[in-house]
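This briefing covers one protein chain, from a single residue out to the fold as a whole. Please consult the sequence and the coordinates alongside the points below.

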Amino acid sequence: MKEENCLHAALICLGVLYYSHAVATEKMNHARPSLHGHHEKGKEGQVLHRSKRGWVWNQFFVIEEYTGPDPVLVGRLHSDIDSGDGNIKYILSGEGAGIIFVIDDKSGNIHATKTLDREERAQYTLTAQAVDRNTNRPLEPPSEFIVKVQDINDNPPEFLHENYHANVPERSNVGTSVIQVTASDADDPTYGNSAKLVYSILEGQPYFSVEAQTGIIRTALPNMDREAKEEYHVVIQAKDMGGHMGGLSGTTKVTITLTDVNDNPPKFPQSVYQMSVSEAAVPGEEVGRVKAKDPDIGENGLVAYSIIDGDGMDMFEITTDYETQEGVVKLKKVLDFETKKSYSLKVEAANVHIDPKFISNGPFKDTVTVKISVEDADEPPVFLKPSYIFEVQENAASGTVVGKVHAKDPDAANSAIRYSIDRHTDLERYFIINAEDGNIKTIKALDREEIAWHNISVFAVEVHKQHQEAKVPVAIKVVDVNDNAPKFAAAYEAFVCENARSNQQFITISADDKDDSANGPRFIFSLPPEIIHNPNFTLRDNRDNTASVLVRREGFSRQKQDLYLLPIVISDGGLPPMSSTNTLTIRVCGCDSNGSLLSCNAEAYILNAGLSTGALIAILACIVILLVIVVLFVTLKRQKKEPLIVFEEEDVRENIITYDDEGGGEEDTEAFDIATLQNPDGINGFIPRKDIKPEYQYMPRPGLRPAPNSVDVDDFINTRIQEADNDPTAPPYDSIQIYGYEGRGSVAGSLSSLESATTDSDLDYDYLQNWGPRFKKLADLYGSKDTFDDDS
């Protein structure tokens with residue numbers, strides 16, 4: 001504390017000395033001009049008088065951070081015109097005037113009332129003026145001056161960052177640059193050594209060093225090993241005053257990390273690995289894992305594994321799990337405990353990426369021995385072959401032996417085996433197997449032409465362990481036997497021209513045989529012995545499984561015979577050979593001079609020889625047209641017949657009953673005109689019925705009584721109504737026939753009595769007796785007038 005007070009006092013003394021020297025220099029450099037001044041010539045030769053400056057100050061100095069009990073005297077303003085009687089008043093204005101700087105208006109002394117900080121503001125510009133105290137009239141022009149704040153070492157150095165982070169590869173050479181740190185000082189670098197910095201290392205030795213002037217941190221020890229220590233904490237100091245005593249300082253922390261290089265080979269932690277695997281394991285199954293440790297990280301620590309030696313190289317393989325950096329031992333082939341119970345492997349682990357700078361450190365790989373023991377497992381039976389192929393002749397007798405399969409128990413127990421056929425593969429049950437010895441036999445006859453191959457599956461099961469079974473495919477080939485005779489390859493039908501020439505070929509035939517090629521072709525074609533000298537046709541075997549049929553004579557006639565049947569014998573090449581007789585149908589046809597086929601019908605010769613083909617076609621077309629016309633005519637006739645039943649949508653009032661028995665009359669031609677058939681004197685309003693034609697219908701005149709023969713008209717009508725109601729063939733409703741006006745030209749006139757006069761008629765109805773039995777009832781009713789009179 002005592003040393004600090006002495007240092008502070010020394011600084012104040014230095015500041016005062018510097019201030020005194022500056023004031024003297026300013027007085028020498030800025031002397032007051034003479035009272036008379038000097039003369040200057042103007043542009044027109046006029047003498048200008050320069051105004052007299054009674055006082056001029058360019059700048060003052062004040063030490064920053066002064067903390068004395070009284071205000072600091074900055075300087076004094078004094079004018080030559082000031083006689084000391086107090087009539088002159090000094091005024092101060094400008095930056096900080098009245099706040100930081102105050103002036104004594106009588107003496108002109110300027111004081112700093114506050115502590116100044118150069119780092120906040122290095123200088124102030126002020127203006128001073130002398131005025132008359134009574135009138136405030138300026139006595140001197142305003143004078144501007146500068147107050148400079150004199151720097152002292154009051155700011156310590158500061159680093160740009162509080163903490164730095166840097167990386168450097170491990171095993172770097174001494175002096176390798178790591179990072180540069182930089183500090184700054186707020187003091188004035190142009191004044192003294194307040195801002196002159198020097199760097200030094202406080203922590204981190206002896207591993208690192210720092211350059212005093214630049215702040216560059218470098219490695220100080222060789223072969224620093226990341227695997228031994230990865231991170232270092234270094235403290236750097238920056239001190240001002242050139243590092244001398246009394247200077248201020250600042251520190252920063254630098255974290256330096258050693259980055260990895262591939263300077264370590266992989267190493268197995270043990271010399272032998274023991275593993276085991278069941279003989280029931282399938283290829284690709286994992287057996288175990290090995291791991292070589294490499295302290296390096298990232299790609300420098302990547303390790304690849306391989307099998308380089310051992311009796312299990314063919315049975316096992318190893319792959320690399322790059323996530324865990326382990327070597328995975330896997331099964332490559334199926335194991336057999338009974339054959340070999342253990343294996344040995346030599347496994348190598350090597351770095352994937354090698355740094356050439358460290359290759360001299362030795363090989364970056366290591367080896368280890370892996371011993372694998374095979375464990376016994378309860379295995380299913382094993383067939384001696386992976387598949388079986390047998391042959392059997394078709395049509396072989398039931399019980400014929402096809403072949404034999406054999407399986408064994410691979411386990412040491414060697415259990416007995418039982419065989420069976422998978423019936424899903426032999427649905428028709430063609431075969432059976434002996435459960436004890438595995439002999440396969442036929443149950444029924446086989447037909448190669450139906451099924452040439454039978455693919456079945458045979459099971460082998462241990463007697464004492466039913467769950468242990470094996471399955472093997474068995475293919476049975478049905479050997480062909482020559483049991484099918486050859487036949488025509490197609491349904492041949494030959495045509496021969498009437499004008500065919502002798503020995504002319506008109507068709508080539510071939511054959512087909514269902515048997516195998518060994519029992520089929522070659523085919524032999526021939527004619528039966530009984531017709532070998534056929535006068536019409538002959539056969540030629542082409543010896544290529546085809547035959548040609550030729551004409552033996554010339555001149556065929558369709559009128560005499562238009563069809564010939566030629567038997568042909570076909571034999572195959574089997575042992576013994578099979579043959580069959582096939583019939584070739586040959587038609588005789590008409591051909592033109594070029595041999596082109598025209599017609600094969602025998603009826604064509606019945607026509608006139610001069611009739612052309614076009615004429616025949618025209619005649620046939622006419623016949624067809626006539627037939628169509630006849631059919632249409634018959635169809636129309638059938639459609640014109642009216643149905644017995646009136647449909648609901650028909651208007652029964654438009655149905656007309658025509659009686660052809662009436663005859664005569666000039667107006668009968670208008671029988672189909674409804675208006676004409678009605679009575680011109682009045683319309684009775686009844687609806688005619690056309691569905692049935694009554695045998696007897698009559699309407700008695702009003703006032704007439706029943707006939708003497710006891711015929712009651714009401715009873716007659718009611719009887720007919722009942723008959724119509726009970727007749728299943730009649731429509732289900734009543735109908736009354738209307739006999740309209742027949743016309744004036746009719747000899748019979750009208751037969752209806754509906755239009756008769758209300759009085760007795762003088763007509764004579766005796767002629768009705770001569771009209772036959774159909775009018776007998778009318779004759780009985782109207783024929784005898786006397787009878788009616790008597791009844792009345």
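Asp409 counts as buried because its relative accessible area is 4%, and the limit for that class is under 20%. The model is a predicted one.

**Surroundings of Asp409**
- Asp409 sits in the loop that runs between strand 29 (407-408) and strand 30 (417-421).
- A polar atom of the Asp409 side chain lies 2.9 Å from the backbone nitrogen of Ser415.
- When neighbours within four places in sequence are set aside, the contacts of Asp409 are Glu379, Asn414, Ser415, Ile417 and Glu462.

- Ile619 belongs to helix 2, which spans residues 613-640.

**The chain as a whole**
- The secondary structure consists of six helices and 43 strands.
- The chain has 792 residues, of which 33% are counted as buried.
- Its accessible surface amounts to about 48100 Å², and carbon and sulfur atoms account for 52% of that area.
- Of the contacts between residues at least 6 apart in sequence, 66% link residues at least 24 apart.

Note on methods:
Residues numbered from 1 in each chain as written. Predicted model: local features only at pLDDT ≥ 70, side-chain atom pairs only at ≥ 80, totals over all residues. Heavy atoms only, no water. Helix = DSSP H or I, 4+ residues; strand = E, 2+ residues; numbered from the N terminus. Buried < 20%, exposed > 50% of the residue type's maximum accessible area, 1.4 Å probe, protein only. Contact = heavy atoms within 4.5 Å. Areas by Shrake-Rupley, 256 points an atom, 1.4 Å probe, with all protein chains shown as cover. Polar contact = N/O pair within 3.5 Å; in protein donor to acceptor, adjacent residues only side chain to side chain.
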